[in-house]
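The following questions and answers concern the contacts between and within the chains of the structure shown here.

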Amino acid sequence: MSELLWVLFDLVLAGLTVGLAWVAVATRELRRGVLLFVGLGLLLAVIWARLRAPDLALAEAAIGAGIAGALLIAALRDEIGVSAEPEDGYTASRRLVDLGAIGLLLALSWGLLDAFLLSDGVRLAEGVAERLGESGVINPVTAVLLNFRAYDTLLELAVVFAAVLGVLSVGPARPALEAGSLVLTGLVRWLVPILVVVAGYLLWVGAHAPGGAFQAGAMLAAVAVLLRLGGVAHAGLPGTAATRWLLVLGIGVFVIVGLSVMFADRAFLQYPGDIAGVLILVIEIAATLSIATALALAYLGGRPVGWEADCDSPQHRVNRGAADRGGDA
Amino acid sequence: MLATTIIYGFAGICLFVLGLRGVLLHTTALARILALNVCGAGVFLLFVVLAYRGAGMTPDPVPHALVLTGIVVAVSATALALALARRLREIDHD
């Protein structure tokens, strides 16, 4: 009986998710689409919990729904007035895309069934369970992220860094919001310290329970978003130089740790078993700060105030001055 | 083969296809970026379904780690795409 109830629960949850995604993508009203997307992220977090992936549930709620939602809502503000899409005259291509989508749906479903029927493939889970004792942590997801597949995570930090460099290079940050109402400011004042403590807890607990650098970094980034909404222009980020250091701290510490274990006749990032736990914690602290800084800068949407002065070399300024004079003449 | 895997697996495929359709049909940058995120969510769902082994079993942590990485990369890519879209609009307005 309880099994049947679970199937019913799964059907309702999966149906809701697909329905929500449908409306979020199909709607012509951008605002509605973005808000439904945040709801979709929260439903996905429930699905991750249902499928026994609590690390992902935390990350999805904080990053997938939280930070991505904040980014999209901030972008929505720029789109005011352009919300409605032009009525489309491309009925033929729309039909073609629909047909293709149905074909793809059928093909992928067939592929999925096929994959599950032949599911006796190689699984990496056994290997992880076998060597978990040597990883320095008890949480298998953290072990995979920061030990067994540490390369992936290092490169991921590099990808995040590159994306933020892109964001910084396309233009200045959005103008700051005015200081919020008394209620909002009060709420921010209450929430910020709590979130900072939660971030620290998630970072520490990641070694043996769901949590870790990504979830903690997202929590700290949420602090920045809240501060910004409360009218704090710099969003809690330190000065220009310190922010730049924070941005590269994660990759820097990761590479330094990876290289220094090579002095002990080990491969790059192959931590010695007895101090692996400490090394992972050091890397995670650095990664948390970098991810938080990166996501906060991403939310600002460009170079914060004060970065311009350093970015412009004297040569630049001369060129721009010449261009201005040319414009006047 | 579990009912749970079939249900969520199919839901993942639906999200992927819906997202892809949105990317192809929308004309506004923001709507496309949103649809691309739905598309990615479908891929994540498939990964997590593949890791799931049933109620009493420990799931495979490797796909979980990959999806965790994917979520963070997706949000960074979204941020970059949004920044580029904003810059494009500024250029158009000039």
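Q: How many salt bridges are there between chain B and chain A?
A: A salt bridge is taken as a side-chain nitrogen of Lys or Arg within 4 Å of a carboxyl oxygen of Asp or Glu. Between chain B and chain A the count is two.

The model is predicted: local features need pLDDT of at least 70, side-chain atom pairs count only at pLDDT 80 or more, and totals for chains, interfaces and linings use all residues. Residues are numbered from 1 along each chain as its sequence is written, chains are lettered from A and ligands numbered from 1 in the order in which they are written, and side-chain values use heavy atoms, with hydrogens and water left out.

Q: Which residue of chain B meets A:Asp98 in a salt bridge?
A: The N to O distance of this salt bridge is 2.3 Å. The side chain that meets A:Asp98 belongs to B:Arg21.

Q: Which helix gives the most residues to the side of chain B that touches chain A?
A: Helices here are DSSP runs of H or I with at least four residues, numbered from the N terminus. Helix H1 (3–25), helix H2 (29–51) and helix H3 (61–93) of chain B each supply at least two residues of that side. The most, 21 residues, come from H3(B).

Q: How many nonpolar residues has the side of chain B that touches chain A?
A: Ala, Val, Leu, Ile, Met, Phe, Trp, Tyr, Cys and Pro count as nonpolar, Asp, Glu, Lys and Arg as charged, and the others, Gly among them, as polar. This side has 12 polar and six charged residues. Its nonpolar residues number 47.

Q: What area is buried between chain B and chain A?
A: Buried area is the accessible area (1.4 Å probe) that two parts lose on being put together, summed over both. Carbon and sulfur atoms give 78% of the area in this case. In chain B, the residues that lose the most area to chain A are B:Tyr8, B:Leu68 and B:Arg86, together 10% of what that side buries. The area buried between the two chains is about 6,700 Å².

Q: How many residues of domain 3 of chain A are in contact with domain 1 of chain A?
A: An automatic or database domain assignment divides chain A into domain 1 (1–79), domain 2 (90–120) and domain 3 (138–313). Contact means heavy atoms within 4.5 Å. Domain 1 of chain A contributes 13 residues, and domain 3 of chain A contributes 18.

Q: How many salt bridges does the rule find across the interface of domain 1 of chain A and domain 3 of chain A?
A: The side of domain 1 that touches domain 3 has 10 nonpolar, no polar and three charged residues. The number of salt bridges found across this interface is zero.

Q: Which residue forms a salt bridge with A:Arg50?
A: A:Arg50 lies in helix H2 (residues 30–50) of chain A, and its partner lies in helix H1 of chain A, 40 residues apart. The closest N and O atoms are 2.7 Å apart, and the partner is A:Asp10.
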